[in-house]
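Work through the exercises below with the sequence and the coordinates at hand. Each task is followed by a solution in steps.

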Amino acid sequence: MTTTGYEAYESAGALLRALSAPIRVAIVVELGAGERCVHDLVEKLGAPQPLVSQHLRVLRGAGVVRGVRQGREIAYSLVDEHVAHIVADAVSHARESRQ
């Protein structure tokens, strides 16, 4: 196995760890539909603002989301649409396996 191949597996593992919390999956689903501010995510997910912010920090640290300051708020979006597809496939698979 080449070093670059193993590094790709390490990166994939880090991505999957970043997506391991259900609320982070929900955040990625929401951001897959477009850019959102924290208050939008709080409203949509019904989660407290500090919790949403904490999970956004994890996703940002993993390179999944980026934030762009717009006045007093930060608008979050996905760095790469591939992540939205991975999450959508995982959610779809989970729904199918319960039927």
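**Exercise 1: Surroundings of Arg 60**

Leaving aside neighbours within four places in sequence, Arg 60 is in contact with Val 65, Gly 67 and Tyr 76. The model is a predicted one.

Task: State in which helix Arg 60 has its place, and decide whether Arg 60 is buried, partly exposed or exposed.

Solution.
1. Locate the residue: Arg 60 lies in helix α4.
2. Take the relative accessible area, which is 37% for Arg 60.
3. Compare with the cut-offs: buried means under 20% and exposed means over 50%, with partly exposed in between.
4. Arg 60 is therefore partly exposed, at 37%.
5. For a further pair, take Arg 60 and Val 79: the C-alpha atoms are 9.0 Å apart in space, while the two residues are 19 residues apart in sequence.

**Exercise 2: The sides of helix α4**

Task: Compare the reach of α4 with the expected value, then find which residues of α4 are buried and which are exposed on the other side.

Solution.
1. Helix α4 covers residues 49–61, 13 residues in total.
2. From its first C-alpha to its last, α4 reaches 18 Å, close to the 18 Å expected at 1.5 Å a residue.
3. Val 52, Ser 53, His 55, Leu 56 and Leu 59 are the buried residues of α4.
4. These residues lie on the same side of α4, because the arc they cover around the axis is only 165 degrees.
5. Pro 50 and Gly 61 are exposed on the other side of α4.
6. Past the helix, α4 is followed by Gly 63, which has a positive phi near 80 degrees.

**Exercise 3: The chain as a whole**

Task: Give the order of helices and strands in the protein chain, then describe its extent, burial, contacts, surface and charges.

Solution.
1. Count the elements: the protein chain has 5 helices and 3 strands.
2. Along the sequence, these follow the pattern α-α-β-α-α-β-β-α.
3. The C-alpha trace spans about 50 × 40 × 20 Å along its principal axes.
4. Of the 99 residues of the protein chain, 27% count as buried.
5. Among contacts with a separation of 6 or more, 49% are between residues 24 or more positions apart.
6. The accessible surface of the protein chain is about 6,600 Å², and carbon and sulfur atoms hold 53% of this.
7. For the charges, the mean position of the 11 positive ones and that of the 11 negative ones are 7 Å apart.

Technical notes. Residues numbered from 1 in each chain as written. Predicted model: local features only at pLDDT ≥ 70, side-chain atom pairs only at ≥ 80, totals over all residues. Heavy atoms only, no water. Helix = DSSP H or I, 4+ residues; strand = E, 2+ residues; numbered from the N terminus. Buried < 20%, exposed > 50% of the residue type's maximum accessible area, 1.4 Å probe, protein only. Contact = heavy atoms within 4.5 Å. Areas by Shrake-Rupley, 256 points an atom, 1.4 Å probe, with all protein chains shown as cover. Lys, Arg positive; Asp, Glu negative; His and termini not counted. Charge placed at Lys NZ, Arg CZ, Asp CG, Glu CD. Expected span 1.5 Å × (residues − 1). Arc of directions from axis to C-beta.
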